[in-house]
Amino acid sequence: MKKISNTRLTFYENRNRRYMNLKHRLTKRMRHNKYRLKVLRLTDPVLMSMMEAPSRRRAKVKEVYRKKSYDNPPLSVQIHEDFGIEERVNAQRFLDIASQFVDCNSKTINFDLSKCTRMWPSAVTLLCSLKHWVEMKAKPGQTPHLRSTKSEHDNVNGYLDACGFYDYVGRAKDHSKTQHNQGEMVKIEKETEKSRIKSRRDQIRSLLTRFSSLSSDEREKFVDHVLVEVTNNVSEHGLGVHNTLGWWIIAQYHRSHQFVSICIADNGIGFRNSLLSGAQHKYIEEKYASIIKDEGKAIKLAFEESVSGALYAPVKEKKFMGDKYERGSRRGNGLKIIREACSELGIPLAVLSHHGYLFIDALGAYEKLGHSDKRIFAGTLYHFLIPAKGDHNDKEY
Amino acid sequence: MIKNIDVGKDFFVDLVNRDENQGDGQFTAKQFREKYLSQMDNKEFWINPKNTIVLDFQNVEVLGPSFANEAFAYFTKYAKPEIIKKVIKIVNISKVKMSTIDVELNRSYDRK
């Protein structure tokens, strides 16, 4: 056996000592952290909840965007007639069709648009968000192919090109003959710079100034209370990946229907997951347990009550005369403000969020509310229909 | 001492972001409060407020409720909305924007 020199022995001893010291320090730190959390949980559960919120949110994001295999046989989705939620009579059909493909595991999804007579901005947003969704959900190198046929109606192909859809999804253009007035729309684009949010808001404001029936004061109210709040929401909840910020804007003035359709969406984890992973999650779970299984109810709750899915939102104190917040600034009223402003201005509003949906009419009453077992939107979509001025009667797109 | 501030020119025309997480994260309500209203952020100031600040909204284009809440309703933890409005005077402001501030002040004070 080879003899170990004294120098070598000293080296090994020192190394062992260093290792043991490190191990001791780490164990001590872990024990201390555990004790600190235990004390904090007992003495200040609200602060504890806020501290834990980022990790809870990360876990939810991981759960929603868990990678999956797209290896099922190709799926063909037939889209007939008008596709979108702009006309409420078609809303259920839109939800049914969306639930067929958002959650599917097919390696190829073919959209048969040959019989499609109109693609509304809400449908364009749905398809753009789907592209983003499959890119985020698919395992590396297994991203499913999304394909679409040409429509027999030239105006559909023309609109998909003009509104920025083909550019967004990287599809070859159909060279449609139908010309669409670029001044009547805000195109959908890949949002890559935070600084552009103001200019995008200004584009919608300008569209509303030209085509909506809203008076100057009403427009100011819509911009201040609705547009600003919604863009704040999507920019906060959108998950920036693949060099994009995770939110979309598209708007279109529809001459034939006399309204301006505005869609603002994000690829976030949705209402239910946000509420159940924010700082107020315990309070919400205890008080509104029904939202755990019903995303439609989660959306309704957010529009009715002063609750927030934000990571750093204060929690209501339980009082004998009803739960109350502490005085001072706080979050959680944004969606209530949006609903109040829309009903005051006579603007119908629809929200789709992962499995849930809520449609509110121009008077602020709930038209349709529900939860679908299959996902109907990859993220959250806010949709507004603003009445147009009424001086254009051409039967064009 | 009365201090005059042209909010649109000295700060920004779009008052929309509550904090750095919203929108482009620039010109937030927190920054605004810390820049112009920091001396009001203590209990003692509101016991006998002497300094008044005049905020001119002439060049302000957009005022979001989140901004109003974080910049102005924040002070409802120290004083009533009427007192806050006396100390922070807002001039050249549209009806819509003033009602936004009023609603936020009252909502935060009522703890709803």
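The questions and answers below concern a predicted model.

Q: Which helix of chain A supplies the largest share of the side of chain A that touches chain B?
A: The contact draws 27 residues from chain A and 29 residues from chain B. On the side of chain A that touches chain B, at least two residues each come from helix 7 (197-211), helix 8 (216-237) and helix 12 (334-345) of chain A. The largest share, 12 residues, belongs to helix 8 of chain A.

Q: How many residues of the side of chain A that touches chain B are charged?
A: The residues on this side of chain A divide by type into five nonpolar and 10 polar. The remaining group, the charged residues, numbers 12.

Q: Why do the buried residues of helix 3 of chain A lie on the same side of that helix?
A: In helix 3 (residues 91-101) of chain A, the buried residues are A:Phe94, A:Ile97, A:Ala98 and A:Phe101. An α-helix has 3.6 residues a turn, so residues three or four places apart point the same way. The buried residues of helix 3 of chain A pack against elements of chain A including strand 1 (75-78), helix 4 (121-137) and strand 12 (377-387). They are on the same side of helix 3 of chain A because the arc they cover around the axis is only 100 degrees.

Q: Is A:Glu193 buried or exposed?
A: A:Glu193 is located in the loop between strand 6 (185-186) and helix 7 of chain A. Because A:Glu193 has 9 C-beta neighbours inside 10 Å, it counts as exposed.

Q: How far apart in space are A:Glu193 and A:Thr244, C-alpha to C-alpha?
A: In sequence, A:Glu193 and A:Thr244 are 51 residues apart. In space, their C-alpha to C-alpha distance is 7.9 Å.

Terms used. Residues are numbered from 1 along each chain as its sequence is written. Chains are lettered from A and ligands numbered from 1 in the order in which they are written. This is a predicted model: local features need pLDDT of at least 70, side-chain atom pairs count only at pLDDT 80 or more; totals for chains, interfaces and linings use all residues. Two residues are in contact if their C-beta atoms, placed from the backbone, lie within 7 Å. Helices (H or I, at least four residues) and strands (E, at least two) are DSSP runs, numbered from the N terminus. Ala, Val, Leu, Ile, Met, Phe, Trp, Tyr, Cys and Pro count as nonpolar, Asp, Glu, Lys and Arg as charged, and the others, Gly among them, as polar. A residue is buried if 20 or more other C-beta atoms lie within 10 Å of its own, exposed if 12 or fewer, and partly exposed in between; C-beta atoms are placed from the backbone. The arc is that of the directions from the helix axis to the C-beta atoms.
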